[in-house]
Amino acid sequence: MENCIFCKIIEGDIPSYKVYEDEHVYAFLDITQVTKGHTLVIPKKHLKDLFDYNDEDAAQVFARLPKIAKALERAFPEMEGLNMVNNNKELAYQTVFHSHIHLIPRYSKEDQFSLSFGNVENTRTPEEMTAIAEAIAKKVN
Ligand code: 5GP
Ligand code: ZN
């Protein structure tokens, strides 16, 4: 897709530090390196975000994630964990609109990455929880 930096990276028109490639996915170091080895896994097909995937796209892309996570773990045995982050749409912090999954190795609680769900207490009643679950469940197809 024209003017998409990640499509240009896949094509080799913009340089990248590649860690893995096959017919469906391309994985390369995120330029910011929030932690050492911070990697982006992207579909070769230009999909904007998670809402753009069909089942086959998802099977092709998400199936590769454990393989790349395990490579990170083997490369950096000092790694003690890994966060997988996938931002979808601007409100949710997506800045590049070619879908990508961040694999962020974790080395210590004091590293550069933090993720918090806040101190949210669930104030919803069991009836509200049931209604929420049912609203979603009836839209799954
Ligand atoms: P988002 O905020 O959309 O989830 O993440 C986009 C990521 O793409 C950011 O972490 C940013 O550092 C990375 N990024 C943006 N432009 C480039 C680039 O040209 N090369 C590489 N390797 N990473 C990029
Ligand atoms: Zn693209």
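Reader: Let me start with the sheet: in which sense do S3 and S5 pair, and over how many bridges?

Author: S3 and S5 pair in the antiparallel sense over three bridges. Two strands count as paired if DSSP finds at least two bridges between them. The elements themselves are DSSP runs numbered from the N terminus: helices are H or I runs of at least four residues, and strands are E runs of at least two. One point on this pairing is Leu-40, which stands opposite His-102 in S5.

Reader: Before we go on, what should I know about the model and its numbering?

Author: This is a predicted model, in which local features need pLDDT of at least 70 and side-chain atom pairs count only at pLDDT 80 or more, while totals for chains, interfaces and linings use all residues. Residues are numbered from 1 along each chain as its sequence is written, chains are lettered from A and ligands numbered from 1 in the order in which they are written, and side-chain values use heavy atoms, with hydrogens and water left out.

Reader: Thanks! In what order do the strands lie in the sheet?

Author: Five strands form an open sheet in the order S1-S2-S3-S5-S4, with antiparallel pairing. S1 and S4 stand at the edges with a single partner strand each, so one side of each is left without a neighbour in the sheet. From one strand to the next the twist averages 20°; axes are lines fitted to C-alpha atoms, for helices over the stretch in contact, and angles run from 0 to 180 degrees between N-to-C directions.

Reader: Which residues stand opposite Tyr-26?

Author: In a regular strand the side chains alternate between the two faces of the sheet. Here, Tyr-26 in S2 stands opposite Glu-21, and its bridge partner in S3 is Ile-42. S1 and S2 pair in the antiparallel sense over three bridges, and a hairpin of three residues joins them. S2 and S3 pair in the antiparallel sense over five bridges. S2 is also mostly covered, as four of its five residues are buried. Buried means under 20% relative accessible area, exposed means over 50%, and partly exposed is in between, using a 1.4 Å probe and protein chains only.

Reader: Now the helices. Which residues of H3 are buried?

Author: An α-helix has 3.6 residues a turn, so residues three or four places apart point the same way. In H3 (residues 65–75), the buried residues are Leu-65, Ile-68, Ala-69 and Leu-72. Seen down the axis of H3, they fall within an arc of 100°, so they line one face of the helix; the arc is that of the directions from the helix axis to the C-beta atoms.

Reader: What do those buried residues pack against?

Author: The buried residues of H3 pack against S1 (18–21), S2 (25–29), S3 (39–43), H2 (55–62), S4 (81–85) and S5 (101–106). Contact means heavy atoms within 4.5 Å. H3 lies across S1, S2, S3, S4 and S5, running at about 30° to S5.

Reader: Where is Val-61, and what does it touch?

Author: Val-61 is in helix H2 and is buried, with a relative accessible area of 2%. Not counting residues up to four places away in sequence, Val-61 touches Val-25, Pro-43, Tyr-53 and Ile-101. In the loop between H2 and H3 you will find Arg-64, which counts as buried at 17% relative accessibility.

Reader: What coordinates the zinc ion (ligand 2)?

Author: Ideal angles at a metal are 109.5 degrees for four tetrahedral donors. The zinc ion (ligand 2) is coordinated by Cys-4 (SG), Cys-7 (SG), His-46 (ND1) and His-98 (ND1), at 2.0 to 2.3 Å. Donors are N, O and S atoms within 2.8 Å of the metal (3.2 Å for Na, K and Ca); water is not among the atoms, so sites may look incomplete.

Reader: Why is the arrangement called tetrahedral?

Author: The four donor atoms subtend angles of 104 to 117°, which makes the arrangement tetrahedral; four donors count as such if all angles lie between 85 and 135 degrees. In sequence the donor residues are spaced C-x2-C-x38-H-x51-H. Cys-7 in helix H1 (residues 5–11) and His-98 in the loop between S4 and S5 are 91 residues apart, so this pair links distant parts of the chain.

Definitions and conventions
Tetrahedral: all angles 85-135°; square planar, octahedral: opposite > 155°, others 65-115°.
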